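Biologist: Could you walk me through this one? I'd like to hear how each label gets decided.

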Amino acid sequence: MYTLYHHLADPFSRKVRLMLAEKGLNFTLKDEEPWKFNPVFLAKNPAGEIPVLEEHDGHILCGHRPICEYIDEITSRPLFGAYARDKAEVRRLCDWFDDKFYKEVTAYLIGEKIFKRLRSTAPDSDTIRAGKANITAHMNYVEWLLKQRNWLAGEVLTIADFSAAAQFSVLDYIGEIPWEKKQNGMLMFEETKNWYARIKSRPCFRPLLADRIPGIVPSACYGDLDF
């Protein structure tokens with residue numbers, strides 16, 4: 001049995017949860033608020049960052065990338081690609097979602113609309129506007145990818161899909177994904193919406209749909225598989 005130290009609104013914790021569940025591994029969740037500097041948690045990861053995965057023998061793994069790669073190596077059905085070129089593309093897209101998408105979209109919106117609220121701090125409207133402005137261009141790229149491929153990195157599901165879905169899920173919780181945005185009367189992100197519906201329908205995703213962040217009500221479509 002694994003123990004995952006996480007936060008419900010942290011997309012990187014969500015990515016690890018999806019990975020563990022997809023692989024069929026049993027784990028329990030331990031909520032952490034890193035900004036509170038819990039000494040028990042700091043003893044496990046002095047850097048004070050989540051996610052942290054603790055194995056049954058007490059071994060500690062820190063960071064979403066090392067955790068996901070470790071889990072992939074010790075289990076069957078690899079999610080990082082079967083061949084060298086596939087692996088390169090999977091990692092490229094993981095980096096794009098984990099770094100660029102997170103820094104330019106997710107961090108702005110959840111930072112202001114979730115984490116500042118949890119910390120009783122006033123949100124900054126300029127930062128929120130920046131996140132809203134950036135998301136359309138970023139989703140245009142996702143839409144382009146999905147018009148070429150069955151899944152984000154190719155023809156099969158990979159960790160790249162979970163990296164993206166983890167970001168999307170927390171933004172969808174606060175209603176910040178422009179699913180109904182149109183251009184010339186046509187939905188702009190139809191392929192992305194269909195991809196996300198497939199991800200939401202997977203058994204590994206169901207626990208995320210049951211998430212409820214204290215004091216923050218999810219959007220109407222958050223738990224809807226046919227949104």
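Modeller: Below we go label by label, setting values against definitions. This is a predicted model, where local features need pLDDT of at least 70 and side-chain atom pairs count only at pLDDT 80 or more, while totals for chains, interfaces and linings use all residues. Residues are numbered from 1 along each chain as its sequence is written, and side-chain values use heavy atoms, with hydrogens and water left out.

Biologist: What makes Cys94 buried or exposed, and what about Cys221?

Modeller: We go by relative accessible area: under 20% is buried, over 50% exposed, and in between partly exposed (1.4 Å probe, protein chains only). Cys94 has 6%, so it's buried. Cys221 has 21%, so it counts as partly exposed.

Biologist: And Asn45, buried or exposed?

Modeller: Asn45 comes out at 8%, so it's buried. You'll find Asn45 in the loop between α2 (39–44) and β3 (52–54). Helices (H or I, at least four residues) and strands (E, at least two) are DSSP runs, numbered from the N terminus. Contact means heavy atoms within 4.5 Å, and leaving aside neighbours within four places in sequence, Asn45 touches Val52 and Cys62.

Biologist: Why is α1 called largely enclosed by the rest of the structure?

Modeller: Because 11 of its 12 residues are buried. Among them are Phe12, Arg14, Leu18 and Glu22.

Biologist: How does the reach of α1 compare with the expected span?

Modeller: The expected span is 1.5 Å times one less than the number of residues. α1 (residues 11–22) reaches 16 Å from first C-alpha to last, close to the 16 Å expected. Gly24 follows α1, with a positive phi near 75°.

Biologist: Why are α1 and α4 called oblique?

Modeller: Axes are lines fitted to C-alpha atoms, for helices over the stretch in contact, and angles run from 0 to 180 degrees between N-to-C directions. Under 35 degrees is roughly parallel, over 145 roughly antiparallel, 65 to 115 roughly perpendicular, and the rest oblique. α1 and α4 (residues 84–118) pack at about 120°, with axes 11 Å apart. The pair is therefore oblique.

Biologist: Which residues meet there?

Modeller: Pro11, Phe12 and Lys15 in α1 meet Asp98, Tyr102, Thr106 and Ile110 in α4.
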